[in-house]
Amino acid sequence: MNTLWGILGGGFLAYLLSRKKDESPPAPSPASVPAPPAPGMRPLTLDDYVRGCEAEAPSGSLDKATLAGFRALTPYVYLIWQVVRGEAHVRGWYRPPACNARRGGASRSRHLAGYAVDMDFTPAQTAALVDKLQSLGAIDSRKRVIAPSRWGDFVRSSLGIDENVGLKIYASGNIHIDIGCPPGTPLCDPRTSDWLVVDV
Ligand SMILES: [Zn+2]
């Protein structure tokens, strides 16, 4: 198993290295999503993107602006899958306002613009992510947050993307990640710093 993941990890690393930091991302369009997954991992789909909000946002109805969040966050999801050595169920991602209200989301939730994603982790996956944060020095041996930017630095260097990141980890296995939005993104405030919540 370790060898298999070593091979998959190598492929994923090659994929990451193939990304150019200064390369501007292609304009989002329904025909060009998502980014390619790491070898052996399932591709994320628009069904993941609208999960729980299918009534308000059928996947076939999404316009380019709405799909921008899907394109932007997909590499982060694949990176976290790599860290925890396995895929995770996507619980929710893009929530148009009506769906966000129905589900009791925060009024300024980054899910509104599709720049946040929730996943369900197994206990082993949660432990792997906690181990990673400890190895990075982002949290201490008692799981207290001491340096959120260590996580952000790891993500930026791994993806070659200059963006601040947020991460919440709950003992229930619910994982929330979000990133800043480009200026002018509807329903999304620009992010100013990395942040990290670990409640396990
Ligand atoms: Zn969330």
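Helices (H or I, at least four residues) and strands (E, at least two) are DSSP runs here, numbered from the N terminus. By that count the protein has six helices and five strands, and from the N terminus on they run α-α-α-β-α-β-α-α-β-β-β.

This is a predicted model, where local features need pLDDT of at least 70, side-chain atom pairs count only at pLDDT 80 or more, and totals for chains, interfaces and linings use all residues. Residues are numbered from 1 along each chain as its sequence is written.

| Strands | Sense | Bridges | Residues facing each other |
|---|---|---|---|
| 3 and 4 | antiparallel | five bridges | Val165 and Ile179 |
| 3 and 5 | parallel | five bridges | Gly166 and Trp195 |

Strands 3 and 4 make a hairpin with three residues between them, and Gly173 in the turn has a positive phi of about 95°.

On to the inside. A residue is buried if 20 or more other C-beta atoms lie within 10 Å of its own (exposed if 12 or fewer, partly exposed in between), with C-beta atoms placed from the backbone. That covers 35% of the 200 residues. A nonpolar core is a set of buried Ala, Val, Leu, Ile, Met, Phe, Trp, Tyr and Cys residues joined through C-beta atoms within 7 Å. The largest one holds 45 residues, and Leu73 and Trp151 are among those touching the most other members. Helix 3 (64-84) is one of the contributing elements, and gives the largest share, eleven residues.

Leaving out residues up to four places away in sequence, Leu73 touches Tyr115, Val117 and Ile179; contact means C-beta atoms, placed from the backbone, within 7 Å.

Methods: Contact = placed C-beta atoms within 7 Å. Pairing = 2+ DSSP bridges.
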